[in-house]
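This report describes a single protein chain. Please consult the sequence and the structure together while reading.

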Amino acid sequence: MFSSKWLIHFARNYSKWIPEQKKRVLLSENDYKSFISSLPVIMDKGVLDTKFLQTDELRGRVKRIAEYYMYGRKTIQGEMTILTHEFLRKPQEVKGELLNQQYVLAWCVELAMIYILIMDDIEDGAKTRNGKPCWHLLPDVGSLAGNDSSMLRSFIFELLNQNFSGEMFVNIIKLFNEAFFSCNVGQYMDAVTSKRKNYNNFTMKHYESIALYKYAYYSSVFPILSALILSNKYNVESRKNVMAIFNDIGVWSQINNDFTDYFDEDTKTGKTGTDIQEGKCTWLAVTVLERCSENQRKIFEESYGSWDPVKIKRIREIYEQTGVIDIYFREEQTTYDRVVEKIKSLPEDTVPSPEFFQTMLDKYYPNVICGKSFKSSN
């Protein structure tokens, strides 16, 4: 178990340990610049070709909704889409119209994330994201936030309609709707579990179900499956292979989010941490309830889900007493090793290939190497 002095030191230095969002990219510098520079071109053409956006005001509104959370955050899901597509094709094939479709699809994946973030902030009553006020708190938004998010979702489908056709378009639309539906179900499960405050339901099995629906699918599985469709390699078997590997990676990514939320680093995570105050069913809460004493559980039940600074402090003390940080690092490495073993067990002719899965794991998996480095230096 870590000492109180070490925990304070860790919290103060956590921002030095976890990479800043803007620095965490998957693509090469040139590919990343090309991807980023394609956004204004795609957006301008998209709004001009959308028949319902007949005025400059409407076109400007949709662009502003789409871009408000876009700048200043990671574009990991869009980059995953590109990296996967280029991995599955020969490099010389990705040019002309196919290159444009690749960028459109990647930005639509990112826009889907923006839609989900707007809705998430509304439901959570969040105040800031990426260091600025949440969309629903802007003076000219307010009660229009719900309609704005709906316009954005419709615009995503419009962009896809403008750039894809036939069976590929049908498969992409189905996949996007699946991602939205999965996240909506996960958001519901997350919200009602927090509101009911029945801590008997704070089990690891229930938590993993929430994480899978709310975050794992759209953040990890969805971009890979999108790229499979674009590369004409999407089928029952390839989908099954992706789900088998990336479900685990996605669930751990949610655990990583819970962990970073605990340290309240808006500049690093993009959102001020309020999981304790909102009574969220997080990995930390579930882990502590599995290990705490009867007295600690009583304090937890009396204090969790409150904005009272004294009660928040009590919860943090319980987290410290149960050694949740040490448990996190052990579980992070265990999960990574388990996924590696899964990849090694795949046949060589698997689509996507074992090499692809290992490459994506090492690029995407949240900070395993950084965690090792930090621990070894303290």
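The model is predicted: local features need pLDDT of at least 70, side-chain atom pairs count only at pLDDT 80 or more, and totals for chains, interfaces and linings use all residues. Residues are numbered from 1 along each chain as its sequence is written, and side-chain values use heavy atoms, with hydrogens and water left out.

The chain has 17 helices and 2 strands (DSSP runs numbered from the N terminus: H or I of at least four residues for helices, E of at least two for strands). Among contacts (heavy atoms within 4.5 Å) with a separation of 6 or more, 79% join residues 24 or more positions apart.

Helix α13 spans residues 294-303, and its buried residues are Q296, F300 and S303. Seen down the helix axis, these fall within an arc of 80°, so they line one face of α13; the arc is that of the directions from the axis to the C-beta atoms. Their cover includes α12 (283-291) and α14 (309-321). E294, N295 and K298 are exposed on the other side of α13.

| Residue | Angle |
|---|---|
| G305 | phi about 80° |
| N130 | phi about 55° |
| K197 | phi near 50° |

N130 lies in the loop between β1 (128-129) and β2 (132-133), and K197 in the loop between α7 (166-196) and α8 (204-230). The peptide bond from V351 to P352 is cis, with omega near -10°.

Conventions. Buried means under 20% relative accessible area, exposed over 50%, partly exposed in between (1.4 Å probe, protein chains only).
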